[in-house]
Amino acid sequence: MGMTMTQKILAAHAGLPEVHAGDLIEARLDIVLGNDVTTPVAIGVFEKAGFTEVFDKDKIVIALDHYTPCKDIKSAELCKTSRDFAVKHKISHFYDVGTVGIEHALLPEQGIVGPGDCIIGADSHTCTYGALGAFSTGVGSTDMAAGMASGLNWFKVPPAIKVELKGKLQPFVSGKDVILHLIGEIGVDGALYKSLEFAGEGVAELSMDDRFTISNMAIEAGGKNGIFPVDGKTMEYVKGRFEREPVVFEADADAEYERVVTIDLSELKPTVSMPHLPSNTKTAEEVAGLHIDQVVIGSCTNGRIRCIVIPATQEIYLKCIEEGIVKAFVEAGCAVSAPTCGPCLGGHMGVMAAGERAVATTNRNFVGRMGHTESEVILASPAVAAASAVAGCVAVPDAAELEAEEVCHLAQD
Amino acid sequence: MIRGKVWKFGDHVDTDVIIPARYLNAPEPSELAKHCMEDIDSSFAGAVQAGDIMVGGWNFGCGSSREHAPVAIQASGITCVIAASFARIFYRNSINIGFPILECPEASEAIRAGDIVTVDTETGKITDETTGQVFEAKPFPPFIQKIVESGGLLPYLKEKQGK
């Protein structure tokens, strides 16, 4: 029996000729990541166990992105713990205010992660890098500590769901709509413990941004990872960025899949997730007109050049200024922030009061996610969010006012 | 052997309700315990007794990677979580901090809030003393059992290095 793409990467990193779903293996790590929330806990665990050296100062990434610029004294102390550790161990990929971006936009942009890598990150959305053809998965702080100490970690080899993509997306429909649709189909635990393996002719039609967004939310279906095959678009993206040699893995023709889900991209409509689970999907059209109080365009899910207001990294921020996109948003009455995870997790900036409702391009709409337990989050694509921001209610992009279309156009391009 | 009174929760209990992000800036276990389950049951942290057991439904612990979630539950006094299924990062995190968790859909379905339950984590045997029902959860594979017995992943790594 052949192996899936995920299984091949894991086998290569475990030094094994083959692995099978359910095997417990120990694999070599190419990158170990943490942020300002999870790294201090990992440092505590690392030091308490008596470790004094990191396995490789060039393979650890610490990005202070969640509560930064620090929202209060306690967050400042957490950042200080991470900063002191990074200095002490000469961590080469340490990102602080001024250089930091939202971690999952930052690492691909800076070429720290790439095809064929085996990556763990103490942040659930670490699965984003599957878009590059890497095995990448979210773990906790103790896993991060173990990774920092040994460069190794244990994994249960996942069985797989194949997501066969065909056709081409309609205008104003993007990767966000694809992944929300998929989560609506299979449920928030539809891919529990499994890998989501994207395949089919439709992959070529998706931009790298679409793929990052789709892989990012694999965890929202319970998935261990969400992985795309490496093609010309991937290689073009990593060219000149990725610090190491890309290693391309391909699934065997006779790889085993527990289930195959087919999505015709051309049939997808702008999709939203209603409170309080990402699987609670509807088309934007079905809920158009619903009153909202806030719109957030940003986060690691959708914070790239196509979706502004919280540009995900400094590089994207600069590009938005140069292209006049920031001006358009400020003129439209938007607040443009420095890169931060802030509102996505109700951390800071745009925290909501009881009874308020937001349309957000973020990734979770759990109870209390963006503030008060009686506030609500509707997940949507940047195009739907931009149209909704102009309309003041949930809106379908192509039906909105001309002004909305302009903003959407900027968001799309 | 673990014995305690049950706190029962439903399906898809996410890490944001187990420990809301607004409290992640103070990661000391005792601080996290004060706000454990606050957004789903605000009475929990004040009423939970050391030794109690938590029972959840499907996909328990879904959402973020925050290890603060199993740490908060453990620090609140809960000795074991039984659920129909666990989200994968929560599952790893619990093992890695040496916190016993058991997957058992039948037990998750049948056990009621307030029941007195005993759990043998080595064999996976769960007994509801209140109703007399007995359930068998799948025990951890030996490798995982070793991590839990060592008190977590890092002590396990240290032991391994020392050999």
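Q: Where is His276(A) found in chain A?
A: In this predicted model, His276(A) sits in the loop of chain A that runs between β12 (271–273) and β13 (281–283).

Q: And what is the peptide bond from Pro275(A) to His276(A) like, cis or trans?
A: That bond, leading from Pro275(A) into His276(A), is cis, and its omega is near -5 degrees.

Q: OK, what about the bond from Thr68(A) to Pro69(A), cis or trans?
A: The peptide bond that joins Thr68(A) to Pro69(A) is cis, with an omega near -15 degrees.

Q: Where is the place of Pro69(A)?
A: Pro69(A) belongs to a loop of chain A, the one between β3 (60–63) and α3 (73–88).

Q: Switching to backbone angles, what is the phi of Lys90(A), positive or negative?
A: Lys90(A) is not a glycine, and yet its phi is positive, at about 50 degrees. As for its place, Lys90(A) lies in the loop of chain A between α3 and β4 (93–95).

Q: Is Lys90(A) buried or exposed?
A: Lys90(A) has a relative accessible area of 59%, so it counts as exposed, the cut-off for that word being over 50%.

Q: Now chain B: what is the phi of Asn59(B), and where is that residue found?
A: Asn59(B) has a positive phi of about 60 degrees, although this residue is not a glycine, and it is found in the chain B loop between β2 (53–56) and α4 (68–75).

Q: Buried or exposed, that Asn59(B)?
A: Asn59(B) counts as buried because its relative accessibility is 1%, and buried means under 20%.

Definitions and conventions. Residues are numbered from 1 along each chain as its sequence is written. Chains are lettered from A and ligands numbered from 1 in the order in which they are written. This is a predicted model: local features need pLDDT of at least 70, side-chain atom pairs count only at pLDDT 80 or more; totals for chains, interfaces and linings use all residues. Side-chain values use heavy atoms; hydrogens and water are left out. Helices (H or I, at least four residues) and strands (E, at least two) are DSSP runs, numbered from the N terminus. Buried means under 20% relative accessible area, exposed over 50%, partly exposed in between (1.4 Å probe, protein chains only).
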